[in-house]
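Look at the model first, then read on.

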Amino acid sequence: MVSYIDETALDGQLFRKLQTKLSDGSSRYKTLHDYYSGDAPLPHGPRGSNRVFRDFQKKARANWAELVVDATRERLEPTGFRTGADGDELGDKEARRIWQANNLDAESTLIHQTMLAQADSYAIVGDIDPEIGAPLITAEDPLEVVTLHDPARRRRVTSALKVWEDPSGDRRAVIYVPGGVRMARSVGGTTWAWDDEWTSLPAALANDVPVVRFANRRDLRGNSRGEFETVIDDIDRINLMILQRLTVAVYQAFRQRAVKGLPMKDNSGQSIDWSGAFDADPGSLWALPPGADLWESGGVDLTPILESVKADIRDLAARTRTPMFYLFPDAANGSAEGASLQREGLVFKCRDRIRAASEPWEQVMSLAFKWSGDLERAARPDMECVWSPPERFSLSEKMDAASKATAAGVPWSTVMSEIMQFSPQQIERMTAERASDLLLTASFDAN
């Protein structure tokens, strides 16, 4: 048996510590997930309200969290990796093959979405999967995966745990330490039956844990925050005011009416029951005694409530650096300069998120190359994640800038990548097409 960690520590301190951290974060992650998925807590209403009113409260919730997250997620697009291998200026082909084999064009979006919405997401890098012919890279839920980190090097994972429920309903667990993995199955739902031995990782992974954490808005203590986590009170306040507006609008649809001056007794002194005399029906005709006067309540102006919601949305946009036209469609009619300034704040935020996500992606790809035994490409100092620029320009703007850059002597490949914003794959294909065109042109000239 490989002695990666003392058995007592495994059964006691380490496993309990990982379990406790996973359990402590579950409530927070669930809350953030609920906000992002449109299932935020109901705005405050009367205590003991019945089901009908609760259904009415649900209609007051607008999914602001999703807009805040997706405005950033849409601009996070990895396009390739550069490694220490020769001839990969446009991106390493083997890294691209591993990326495509794991469907990471789509899966990376899920990792970014979860990272931005729930503050954390994870990726686990496994051995070469015969089905895809590459190391298996999976996106993981923070409700199922947790990591511990070296206090001296906070980005270095010292151990990790994944706990999930399989289709049969049994709970499963995998614990990771440098160079080793061990699995367990729940017994009776409270205790765990561990495999007899550790599974050894390749020698290249002797000092690595193949679990990578993607932390959003990380601080020096290693704590992370979701994109909207610090503005949850603002979101709740907006939803509350929307509820007030709906409540006023609904009650105004049933205006209060009264009749003034009705006699309460008839000529014989008997009490008159007027409750059935004034049916609210389009075909009814009311006969009023002399001196009686009808009264109807007036409407309430909803403009102050609407303006207060707009003010809160502006605060939300400012605090999250989300352009107003994402949150409020009417803002799209503003000035071009104002829209440009709003986009600039979003671009700066996206650049910051790209810098934060680059290191985890480079770690993922380094681990994948270690599983493959390619230590040259696995070298972290030479690894670079390539991203699509977060700025978005029109085709005419790109072409104008490209022509000016070319006239200034900027190399063709740089113009194509930095100004025209083509992906490494597109540039590689265009390079081959240019060479073919040159040969074709030369043959015509020769004839």
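Which helices and strands each supply at least two residues of the lining of the largest pocket? They are tabulated here, as DSSP runs numbered from the N terminus (helices H or I, at least four residues; strands E, at least two).

| Element | Residues |
|---|---|
| Strand E1 | 78-82 |
| Helix H4 | 93-101 |
| Helix H5 | 104-118 |
| Helix H9 | 336-372 |
| Strand E13 | 384-387 |
| Helix H11 | 395-407 |
| Helix H12 | 412-419 |
| Helix H13 | 424-446 |

This is a predicted model: local features need pLDDT of at least 70, side-chain atom pairs count only at pLDDT 80 or more, and totals for chains, interfaces and linings use all residues. Residues are numbered from 1 along each chain as its sequence is written, and side-chain values use heavy atoms, without hydrogens and water.

The largest pocket has a volume of about 910 Å³. Its lining has 45 residues, and the closest to the centre are Thr-79, Val-386, Trp-387, Ser-388 and Pro-389. The lining divides into 18 nonpolar, 13 polar and 14 charged residues.

H5 also meets helix H3 (residues 64-73): their axes come within 10 Å and cross at roughly 135°. H3 and H5 are therefore oblique to each other. The crossing is right-handed. On H3, the contact (heavy atoms within 4.5 Å) uses Val-69, Thr-72 and Arg-73. On H5, Thr-109, His-112, Gln-113, Leu-116 and Ala-117 take part. These contact residues divide into three nonpolar, four polar and one charged.

How values were computed: Axes fitted to C-alpha atoms, helices over the stretch in contact; angles between N-to-C directions. Parallel < 35°, antiparallel > 145°, perpendicular 65-115°, else oblique. Left-handed = near helix turned anticlockwise from the far one by under 90°. Nonpolar A, V, L, I, M, F, W, Y, C, P; charged D, E, K, R; others polar. 1 Å grid on protein atoms, 1.4 Å probe; cavity = no way out; pocket = protein on both sides within 12 Å on 5 of 7 lines; lining within 4 Å. Points joined across faces, edges and corners; volume = space filled by probe spheres on them.
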